[in-house]
Amino acid sequence: MAKNLLIVESPAKAKTIEKYLGSDFEVKSSYGHIRDLEKDDMGIDINNNYAPRYIIPADKQKVVKELKSLAKKSGEVWLATDEDREGEAISWHLCEVLGLDPVKTKRIVFHEITKPAIQGAVQHPRTVDMHLVNAQQARRILDRIVGFEISPVLWRKMSMRNSLSAGRVQSVAVRLIAEREREINAFQPVSSFKIEAVFSGKDINDKNVSFKAEGSRQKSADDAETFLKSCIDAKYTVSDIQMKPAKKSPAAPFTTSTLQQEASRKLGYSVSKTMLLAQKLYESGNITYMRTDSVNLSDTALNDIHSNISQQFATNYLQTRQYKKKNESAQKAHEAIRPTYIENVSVDDADTKRLYELIWKRTIASQMSDAEFEKTTARIAISTNHQELSAQGEVMKFDGFLKVYIEDKDDEDVTDEDAEGMLPQLSVGQDLSLNEMQAIERFTRPAPRYTEASLVKKLEELGIGRPSTYAPTITTVLKRGYVEKRDKTGVLRDYRVIVLKEDKINSKTEQETTGAERSKLFPTDLGLVVTDFLVEYFSDIMDYGFTARIEEEFDDIADGKKQWEKTIDGFYKPFKKDVEHTLENAERIKGERELGEDPVSGKKVFARMGRYGPMVQIGDVNDEEKPRFAKLKSTQSIETINFEEAMELFKLPRTLGEFEGSEVTVNIGRFGPFIAHDKKFYSLNKEFDPYTITLEQAEPIIVEKRKAKDERTIKVFEKEKIQVLRGPYGPYLKQGLRNYKLTKEQQERAADLEIDEAKQIIEEIKANPPKKSSRKKK
C-alpha cells in the first residue's frame, strides 16, 4: 500500500498526476463533490445561524467508503482538488467525511498539471483555506434559499404541467434575454439614404481601378434625389488627402469568459462544450487551469513564449506585454488560460484540437508586436453644390500579431469601418471620373439578440456570476424551458435605390433579407411570464446591481473581510418578508393578452399560458359553452401574435380529403402535429406544416408510417389495446403509451404469446416496477 494518498476530484486528473509522482503516492478521485445539502427543509437550519446540514448522496456512498478505507491504510492524506472556491470546498468536505483535521491536512494547489508544477506543489503544501470554503458555502446556501423559497410561490401562483423553479443568477440572465427581446419587438426602424459614389482612378501600376466614396446621409428619398440632381454635370476633384499611421494591439490571453466568447464566435461551440473540452485539456496537462478571471502570464511562460516568437518569426515580432484585469475579483487564480508547453502548437486529441490551437494562437499573439497600418482619407469636392465626398482606405505596413491571430467580434460590435478597403494612388487637385452615384435606403437596426457568448460578456460586464458559474447558468435556463436557442428565418424587405449615372437619374426598388439570426437566445413565453412576476414581487433578486453586490460580498468572504453568516442574514430577512407578502397578496399568474372578438360567436379571443404551454382561446371557462383552444406555433409568442394569426390556428382540425375510402384529417395534439386516417394516427415530421399540408403530401406519409408500424408489429390484441412489438432490444409489450419489457425467454416466443399471459406480464410489472439504476456523477 502506498505511503501517501492524494485525492483529486476527477479520474482523468488523477491519471495525469499519478505519472508525475513516485511510488510513494497513490492518486484517487472523489468524482466531484462527496456531500451536498439535504433536500428536506432546505438543508439549512435557519434558526441556528444558517448552519448547513450536509449528507452523502446515495451515489457517492461507494466512493466515500473506498476513500475512508484507503485513508486509514495510508500514512498521510493529501488533498489536490482544483484551486478555486469549489475545489477548496471539496477538500474541506473530504476532511469532514474522512476525519481529517483541515488545519493540519496538507493541501496542494497548482495552475497546471505538469511535472515541475506538481512536484513544486508537493514541496510547498498549505492547509485548507476556510475563507474560500465559506465563500462557496455562502453562495450554495443563498442559492438554495432562493430556489426553495421562490419555487413554491411559482407553483401556487401558476398552473403548469412541469414544476417551475427560480434561481438567483439564472433568473437575472433570463431577464436580460427577455428585455432584449422586448426591445427588438418594440423597435421601429427608421430609414435614411446612404450616398455612395464609385470613381475610377489609376493604381501604382497605372491600371484603372474603381473605389468608393461616401457623402452625408440624407434623411428622406426627396432629400436624396435633390442631392443627386445637384450633382448633374459636376466635376469631382481631390481637395485634400490625410495620411495617418494607425496601430492595432493584440487582445489579452484568455480568461474563462473570453475563451467562451471566442470559442463561440470562431468555432461555434456552446459555452458548456467549451468548458467540457477545456477541462479535458487541463486534466490531460495541456493547458493551465480553465476557470480564471486573470490575464496574467507567469515569468516562466513569458520566457518560453518570447523564445518561441523569436524562433518562429523574428525579433521585430516580439513585444513584451503585461496585462491587467478591468475587474478585480477574489477567485484566487493567478494566471490566464495558456498552453502548459508553448512549443506544442497542437494536440493529437481530435475533440480538443481546435480549442487548444485557439488558446495557443491567442497566447502567442498576446506577446507579439502591434499591427501597423496607414490610414488614408481623401476629400473629393463636388463642383456644382460645394459639398464633399469622403473616401477611406487602409494599407497594412506590418502584420505583427495578425500573422497569428485575429479576434472576432459580436454582432453589436461590428461597424462600417471594419469593411474599409484600399485606395489607388491619389493626389490633391486630381480630377476623378464618376462611374455612378447611388442613394441607397438603409434602416436602423435594434440591438441583436444574445448569443451564448454575448450573454456571458454582458453578465461579466454587470459583475453577475463568476468564471465557474457562466456555463451552468446558461445550461440551466435552457433546460428549464425559460430560454431556447434557435435560428430565426429572415424576411424580405423592399428598399429604394436612386441612381445617378451619365447625368441621368433613375429609381428602382430592390429586396434584401432582414432579421435572419443563427443560434440566438430567445425567451419563451414561460420565461417572459415568470420574469414579469419575479420583477414585480422580488425586485431585489431581479436587480442587476443587487446581484452584482452579492457577488462582491462573496469576494469579501473569500478575502476574509466578511463573515458569511452576516451576508446570508442581511439577505434572508427582507427576502423572507417578500416571500410571505407575495404568497398572501399576489394574484395568480395568467400571462394573458386579449386579441379581439370572434366574429362568429362574439366571444373574446385571447392568448395566454396554458397547462401545456402558450395557446389561444375563444371564450371563457365560465361560459355555458366550453372554450375552444389552439396551441401556438413554435415561432409565435403571446406577446406578438395578432388577431388574424390567432384565428388561423383554429382552422385545425383540417380535412384533407379521402384516401383508401377513409377521411384524412390533420391536427395538433399534446405531442405535436399528426395525421388521422382510418382510426389510426401518424405523427407529422417537422418539415410539414399542418396548416398547409395537402392530401397528396399526406398519402405517402400514411403509407410509409403504416409500413414501418406493420414491420414492428408482431401481434395485436385489439379489444385490450395491447400490442407485441419489435424494438431495438428485442420484442416488448405496449399498452396505451406505456411499454413493458419481456424476459429473454418471453422474447423468444413473443409471436406465440396469448392475451392472458400478456395481461399477466403487464400486471406483474405494474405490481413490481423495475428499480431505476443510479449512475455515478463524474
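Predicted model: local features only at pLDDT ≥ 70, side-chain atom pairs only at ≥ 80, totals over all residues.

**A chat about the fold**

Guide: Let's start at histidine 677, which is buried, with a relative accessible area of 2%. Buried means under 20% relative accessible area, exposed means over 50% and partly exposed is in between, using a 1.4 Å probe and protein chains only.

Visitor: OK, which strand does histidine 677 lie in?
Guide: Histidine 677 lies in strand E25, residues 672-677. Strands (E, at least two residues) and helices (H or I, at least four) are DSSP runs, numbered from the N terminus.

Visitor: And what does histidine 677 touch?
Guide: Leaving out residues up to four places away in sequence, histidine 677 touches Phe659, Glu660, Ser662, Glu663, Val664, Tyr682, Ile702 and Arg706. Contact here means heavy atoms within 4.5 Å.

Visitor: Let's zoom out. How many helices and strands does the protein have?
Guide: The protein comes to 20 helices and 30 strands. Its C-alpha atoms fill a box of roughly 95 × 85 × 60 Å along the principal axes.

Visitor: What share of the residues is buried?
Guide: Of the 778 residues, 47% count as buried. As for contacts between residues at least 6 apart in sequence, 69% join residues at least 24 apart.

Visitor: Now helix H14. Is H14 mostly covered or uncovered?
Guide: H14 is mostly covered, with 10 of its 13 residues buried. Among them are Leu526, Val530, Phe533 and Tyr537.

Visitor: What covers those buried residues of H14?
Guide: The cover includes helices H5 (130-157), H6 (168-186) and H16 (564-585), along with strands E18 (517-523), E20 (604-610) and E21 (613-618).

Visitor: How far does H14 reach?
Guide: H14, residues 525-537, reaches 19 Å from its first C-alpha to its last, close to the 18 Å expected at 1.5 Å a residue. The expected span is 1.5 Å times one less than the number of residues.

Visitor: And why does the span of helix H15 agree with what it should be?
Guide: H15, residues 544-558, has 15 residues that should span 21 Å at 1.5 Å a residue, and its end C-alpha atoms are 22 Å apart, which agrees. Its buried residues include Phe546, Ile550 and Phe554, and what covers the buried residues of H15 includes helix H3 (85-98), H5, H6 and H16.

Visitor: Switching topic: how do H9 and H13 cross?
Guide: The axes of H9 (residues 271-283) and H13 (residues 470-479) come within 8 Å and cross at roughly 140°. That makes H9 oblique to H13. Angles under 35 degrees count as roughly parallel, over 145 as roughly antiparallel, 65 to 115 as roughly perpendicular and the rest as oblique. Axes are lines fitted to C-alpha atoms, for helices over the stretch in contact, and angles run from 0 to 180 degrees between N-to-C directions.

Visitor: Which residues make the contact between H9 and H13?
Guide: Val271, Ser272 and Met275 of H9 meet Tyr470, Ala471, Ile474 and Thr475 of H13.

Terms used:
Residues numbered from 1 in each chain as written. Heavy atoms only, no water.
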